[in-house]
Amino acid sequence: MTTTGTKTFKNFIGGEWVDAVSGDTFESRSPATGEPIGLFPKSGAEDVDRAVRAAQAAYEDWRLEPAPKRGEILMRFARVLEREKEALTDLMTREMGKVKAEAGGDVQEAIDMTYYMAGEGRRMWGQTTPSELRDKFNMSVRVPVGVVGAITPWNFPIAIPSWKLAPALVCGNTVVLKPAEDTPLLAERFVELLEESGLPAGVVNIVHGYGETAGDALVRHPGVPIITFTGSRETGVAVTKAAADNLKHVHLELGGKNAIIVLEDADVDLAVEGILWSAFGTSGQRCTAASRVIAHEKIYDALQSKLVAAAERLRLGPGWDDETDVGPVINKAAIEKSHAYTKIGSDEGARLLTGGEIATEGDLGNGFFYRPTIFGDVDAQMRIAQEEIFGPTTALIKVRDFDEAIRVSNGIKYGLSSSIYTRDVNKAFRAMRDLVAGITYVNAGTTGAEVHLPFGGTKDTGNGHREAGQAALDVFTEWKSIYVDYSGKLQRAQIDNAAG
Ligand code: UN1
């Protein structure tokens, strides 16, 4: 058992565990039962400033530590995460609410990412190229950016910090982490385990608190040249504006309104499994969740009845219970949002096929449980088919052919994940080409990205960056081009090499 009741936790700044300057705290509670998880410092601008100074001081030495050595620390961290996988999984079912299998997957994603980035310590390739002049050597190398301000969400409370911190650290940056206020204990454990793995003081600092105060101070701090943020579109816009005065690098991973297309030749049973997993896994609280299903009219009815029947078999309950299929949503605001969209969908004329209710039977009433909700006869322009709900609600949209399916899938402001079920290889390849999204799955749901491929989206899902894979290195480094002239005389590019 890793729950800690009403213990008070601290920020981690410059290698010391410290309270917020104000002494104020906020509470983390389990969304499944309301049980207290712990008290955390409610930090403000002064705490952030201290953390940034500590990270700046640590940067001077950390950037000089050879990248393979930085990688070795990550290698140790990956092993520590493996050792702690079960405890972190259990804690995640309590603090965040997702079910055990998914919580284990979240931790495993961090383990995978950390191993992957540890190896990057011995790669981190740049380029060498010929020079246009004699006796001159050209290369470009990756250099760290400086202090990274990382603002992480609650839905992948261990995986997403690893997506940001593992590449940031191996590249030679130092970090101030402001984790989501809904999952502070998981973030605190993450940093504690990093410290145990041998990270020097000040290289990673954690400042707990709310977005409007601690997060905002981090985004505006002139000592932080780069911000990496995962969260809502609305906050992403605010982050971009706040960072603009200092021309910061901004990496954003924002919303999604991802669709699964099911064509007439698809394996419908396989599609139903994929939809259930993508729509109701993590109670729909994934950026990659399938909140739309676009079904060909020939299989629409069969798909709808199988899907509704399967959704009604899903068991709600606390994540740590082996019987549970769907855990709670994160907090009161989340359950209210899901319920508000049920009303919006019904008012718009969509047909509520199942769910649409807050579950209160037995002990469920102590937590935030929302029944898996499916709307049928949804028009692609309805709000429930356009806006991100971030809860266990999905919308079935009927289409006449492949072209309409692609048009509907693309007809939203986001572009994170996409999916198509078909056995027609020509249509599969057309979909791979024409779906406007950062991720496309063929014959699989919209979730389940692997750590060594780029993760991120087009349009309003972000600002063109990708995390994970090699793409993460582009976020956390800058390119430096180096020219070494060993001719012993003045040689002028573009002038001394002119033809003739
Ligand atoms: C998210 O939805 O916030 O591909 C991240 C997936 C996970 C990560 C999702 N590996 O669904």
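So, which helix does Phe402 lie in? Phe402 sits in helix 12, residues 402-410; helices here are DSSP runs of H or I with at least four residues, strands are E runs of at least two, and both are numbered from the N terminus.

Before I go on, this is a predicted model, where local features need pLDDT of at least 70, side-chain atom pairs count only at pLDDT 80 or more, and totals for chains, interfaces and linings use all residues. Residues are numbered from 1 along each chain as its sequence is written, and side-chain values use heavy atoms, with hydrogens and water left out.

Back to Phe402. With 9% relative accessibility, Phe402 counts as buried (buried is under 20% relative accessible area, exposed is over 50%, partly exposed is in between, using a 1.4 Å probe and protein chains only). Leaving aside residues up to four places away in sequence, Phe402 touches Leu263, Ile420, Lys427, Arg430 and Ala431, where contact means heavy atoms within 4.5 Å.

Okay, zooming out. The chain splits into domain 1 (11-254 + 462-481) and domain 2 (258-442), with bounds from an automatic or database domain assignment. Their centres, taken over C-alpha atoms, are 31 Å apart. Domain 1 puts 24 residues into the contact, and domain 2 puts in 27.

Now the cores. A nonpolar core is a set of buried Ala, Val, Leu, Ile, Met, Phe, Trp, Tyr and Cys residues joined through side-chain atoms within 4.5 Å. The largest one here has 72 residues, and Met117, Leu165 and Leu169 are among those with the most contacts inside it. Both domain 1 and domain 2 give residues to this core, so it lies between them. There's also a second, separate core of 30 residues, including Ala290 and Tyr421.

Where do helix 4 and helix 5 come in? The axes of helix 4 (residues 100-120) and helix 5 (residues 159-170) come within 8 Å and cross at roughly 10°. Those axes are lines fitted to C-alpha atoms, for helices over the stretch in contact, with angles from 0 to 180 degrees between N-to-C directions. The two helices are therefore roughly parallel, a label for angles under 35 degrees. Met113 and Met117 of helix 4 and Trp163 and Ala166 of helix 5 are among the residues making the contact.

Thr282 is in the loop between helix 9 (268-280) and strand 13 (290-296), and Thr282 is buried, at 3% relative accessible area.

Notes
Angles under 35 degrees count as roughly parallel, over 145 as roughly antiparallel, 65 to 115 as roughly perpendicular and the rest as oblique.
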